[in-house]
Amino acid sequence: MGKKPELSKELKRSSDKAQKRYVKAYAKALDKHGDEKKARKKAQKKLEKKYELVGKKYEKISDKPQAAPDQQDGDNQTFLVAEVRPLAELTRAELYELAKQLEVPGRSAMNKGDLLIAVRAAQ
């Protein structure tokens, strides 16, 4: 394995699992490409597939979007978060759910940035 990367302040505040994911992806990319800048980019992209920056640390993206408090009593209506907050403030899971409703193709392989662009284009 290659050399260990310098972790950002946000990553240092994050869970061990998030840090390990970044370090492992960095080492793999560095071995493959031999370029530290490219390795950092690849590792960041890998990290952001499962973690998002919330405040000052990375938190695991939940697979299921949170329902509105008034809909947690068992009814199966879908809550559109975009009606309450701007798209840029939504989590990846919320954007994914919105993309699903808009029938955006390829949404499962998209990261948060790609989903944001695709949802805006589909609206």
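Modeller: A residue is called buried when its relative accessible area is under 20%, exposed when it is over 50%, and partly exposed in between, using a 1.4 Å probe on protein chains only. Helices (H or I, at least four residues) and strands (E, at least two) are DSSP runs, numbered from the N terminus. The model here is predicted: local features need pLDDT of at least 70 and side-chain atom pairs count only at pLDDT 80 or more, while totals for chains, interfaces and linings use all residues. Residues are numbered from 1 along each chain as its sequence is written, and side-chain values use heavy atoms, with hydrogens and water left out.

Colleague: How many helices and strands are there in the protein?

Modeller: The protein has five helices and two strands, in the sequence order α-α-α-β-β-α-α. Of its 123 residues, 31% count as buried. A contact is a pair with heavy atoms within 4.5 Å. Among contacts with a separation of 6 or more, 35% join residues 24 or more positions apart.

Colleague: How should I read a nonpolar core, and which residues have the most contacts inside the largest one?

Modeller: In soluble globular proteins, nonpolar side chains tend to be buried together. A nonpolar core is a set of buried Ala, Val, Leu, Ile, Met, Phe, Trp, Tyr and Cys residues joined through side-chain atoms within 4.5 Å. The largest core in this model has 14 residues, and L11, Y22 and L47 have the most contacts inside it. Two or more residues each come from α2 (16-33) and α3 (36-50), and α2 gives the largest share, seven residues. Leaving aside residues up to four places away in sequence, Y22 touches P5, L7, L11, R40, A43, Q44 and L47. A second, separate core has 11 residues, including L87, L95, A99 and L115.

Colleague: How is a pair of packed helices read, and at what angle do α2 and α3 cross?

Modeller: Two packed helices are described by the angle between their axes and the distance between the axes. The axes are lines fitted to C-alpha atoms, for helices over the stretch in contact, and angles run from 0 to 180 degrees between N-to-C directions. For α2 and α3 the axes come within 8 Å and cross at roughly 145°. A crossing is left-handed if the near helix is turned anticlockwise from the far one by less than a right angle, and right-handed if clockwise. The crossing of α2 and α3 is right-handed. Its contact residues include A18, Y22, A25 and A29 of α2, and A39, A43, Q44 and L47 of α3. For the classes, Ala, Val, Leu, Ile, Met, Phe, Trp, Tyr, Cys and Pro count as nonpolar, Asp, Glu, Lys and Arg as charged, and the others, Gly among them, as polar. The α2–α3 contact divides into nine nonpolar, two polar and eight charged residues.

Colleague: Which residues of α4 and α5 make the contact between those helices?

Modeller: The angle of α4 with α5 is about 35°, with the axes 9 Å apart, and the crossing is left-handed. R92, L95, Y96, L98 and A99 of α4 meet K112, L115, L116 and V119 of α5. By class, that contact has seven nonpolar, no polar and two charged residues.

Colleague: Which residues of α4 are buried, and what do they pack against?

Modeller: In α4 (residues 92-101) the buried residues are R92, A93, E94, L95, L98 and A99. They pack against α3, β1 (51-54) and α5 (112-122).

Colleague: Where is E103, and is it buried or exposed?

Modeller: E103 lies in the loop between α4 and α5 and is exposed, with a relative accessible area of 66%. It has a positive phi of about 55° although it is not a glycine.

Colleague: And Y51: buried or exposed?

Modeller: Y51, in strand β1, counts as buried at 6% relative accessibility. Its contacts, not counting residues up to four places away in sequence, are S15, K17, A18, R21, Y58, E59, K60 and I61. Y51 and R21 are 30 residues apart along the chain, with their C-alpha atoms separated by 9.7 Å.

Colleague: What does UniProt place at residues 87-123?

Modeller: The unreviewed UniProt entry places the feature "domain: Rho termination factor-like N-terminal" there. UniProt positions are given in the numbering used here, feature names are shortened, and annotations may be inferred rather than shown by experiment. Over residues 87-123 the model is 57% helix and 0% strand, with the end C-alpha atoms 11 Å apart.
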